[in-house]
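Biologist: I would like to learn how to read charged side-chain pairs in a model, and I would be glad if you took me through them one at a time.

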Amino acid sequence: PGDAALHGQRGDALLALGRLPEAIAALREATRFAPGDAVLWNSLGIAEERHGQLAAARAAWCQAIAVL
């Protein structure tokens, strides 16, 4: 479903479990539904960074700053 909060919570839970690819997918979906939510972009940045995707992490963090 198109619920940003649901996808964000799922992404955060998966991130806490270390299931990074799944967390990234859920958080990307969350940001698609709520592109103005800096917290979601920050969480996506954290997940990408932990997964070693530094360019993607930086892009997510830049987006988080841009929507503040």
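Modeller: Let us begin with a term: helices here are DSSP runs of H or I with at least four residues, numbered from the N terminus. Please keep in mind that this model is predicted.

Biologist: What is the general idea behind such pairs, and how many salt bridges does the structure hold?

Modeller: Side chains of opposite charge can pair when their charged atoms come close. The structure holds three salt bridges, and one of them joins Glu29 to Arg32, with N and O 2.9 Å apart. Both Glu29 and Arg32 belong to helix α2, where they are three residues apart, or about one turn of the helix.

Biologist: Are Glu29 and Arg32 buried or exposed?

Modeller: Glu29 is partly exposed, at a relative accessible area of 25%, whereas Arg32, at 56%, is exposed, because the cut-off for exposed is over 50%.

Biologist: Which residue forms a salt bridge with Arg28, and where in the chain do the two lie?

Modeller: The partner of Arg28 is Glu48, and their closest N and O atoms are 2.6 Å apart. This pair links distant parts of the chain, since Arg28 sits in helix α2 (residues 20-33) and Glu48 in helix α3 (residues 38-50), 20 residues apart. Arg28 is partly exposed at 45% relative accessibility, while Glu48, at 3%, counts as buried.

Biologist: What is the N to O distance between the side chains of Arg19 and Glu22?

Modeller: Arg19 and Glu22 meet in a salt bridge at 2.8 Å, N to O. Arg19 is partly exposed, with a relative accessible area of 38%, and Glu22 is partly exposed as well, with 33%.

Key. Residues are numbered from 1 along each chain as its sequence is written. This is a predicted model: local features need pLDDT of at least 70, side-chain atom pairs count only at pLDDT 80 or more; totals for chains, interfaces and linings use all residues. Side-chain values use heavy atoms; hydrogens and water are left out. A salt bridge is a side-chain nitrogen of Lys or Arg within 4 Å of a carboxyl oxygen of Asp or Glu. Buried means under 20% relative accessible area, exposed over 50%, partly exposed in between (1.4 Å probe, protein chains only).
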